[in-house]
Amino acid sequence: MEDIFARLAEEASMVDASAEAEANTCLETSSFPPTNAITLMTFNYYDNGPGGKPKWSASRYAMNVQVFTLDTPFTPSSKLAAWEGTVQMHDPDFFDNYTDHYWSEHSDCITADQIALYKAVIAETAAMPKVEEGPLLGQFWSKSPGWEYHWGSLIRVHYNAFGEFVCEVFHDGETYLIDTFASVPRESGKSLPIMRGRHDPGKLWRKAPPKPSKKGSR
């Protein structure tokens, strides 16, 4: 006769091993390009308007980011991006509370060094003076092909003493200062970012050519 208790114990062991392997995988793989591969990044900063209770997956302010690894001049587009996503920007206290909650349930998905980085950035951010909507923190993550957090990669935005918008990207042990942001003129009926910026140390960015004018219209 089959020992049903032994079989159940064996199945439970297999499930635990599978779960452990899956949890460890999130430390070893990421669709986000490493620092030494990134050649250009573009940033579009949106104000989605005042809302209700803060949510991790939806916030008033958000940064749309495209990351590229091409090494010859080009016009940025979704088709050419090595990574693309929207980073929700949060108050540092909310960011701190949520990440603590998440890590308590997914401790295998982040390293001790990464947690130390987050705690240092959060503490520094919380100590900054509150100017306009800043300072804010955001976590890089992907929704496709599956939900994936890129731990160790985050954004901070704030205004300095001169009222200038400052954006910093912490990624792969490096800190990028994005200081090329410019306001975007409003256009009726269009959902546009309030500011745009880019990180382009190799001067690879090229403006898109003008669209051909329509002929024969009256």
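Residues are numbered from 1 along each chain as its sequence is written, and side-chain values use heavy atoms, without hydrogens or water. Because the model is predicted, local features need pLDDT of at least 70 and side-chain atom pairs count only at pLDDT 80 or more, while totals for chains, interfaces and linings use all residues.

**The largest core**

Begin by selecting Y45, M63 and I155, which touch the most other members of the largest nonpolar core, a set of 24 residues. Such a core consists of buried Ala, Val, Leu, Ile, Met, Phe, Trp, Tyr and Cys residues joined through side-chain atoms within 4.5 Å; buried means under 20% relative accessible area, exposed over 50%, and partly exposed in between (1.4 Å probe, protein chains only). Among the elements that give two or more residues to this core are β1 (40–47), β2 (61–68) and β5 (148–159). Helices (H or I, at least four residues) and strands (E, at least two) are DSSP runs, numbered from the N terminus. The most is given by β2, with 4 residues. A separate core of 15 residues includes F95, W103, I110 and V121.

**Helix α3**

Next, select residues 112–126, helix α3. Which of its residues are buried? They are Y118, V121, I122 and T125.

**Salt bridges**

Now display K119 with D96 and D100. K119 and D96 form a salt bridge (3.0 Å, N to O), defined as a side-chain nitrogen of Lys or Arg within 4 Å of a carboxyl oxygen of Asp or Glu. D100 and K119 form another, at 2.7 Å, N to O. D100 lies in helix α2 and K119 in helix α3, so this pair ties together parts 19 residues apart in sequence. Shared partners join D96, D100 and K119 into one network. The whole structure has 7 salt bridges.

**Strand β1**

Finally, select N44 in strand β1. N44 is buried, at 16% relative accessible area. Its side chain makes a polar contact with the side chain of R196 (2.8 Å); a polar contact is a pair of N or O atoms within 3.5 Å, where within protein one must be able to donate a hydrogen and the other to accept it, and residues adjacent in sequence count only if both atoms are side-chain atoms.

Note on methods. The expected span of a helix is 1.5 Å times one less than its number of residues.
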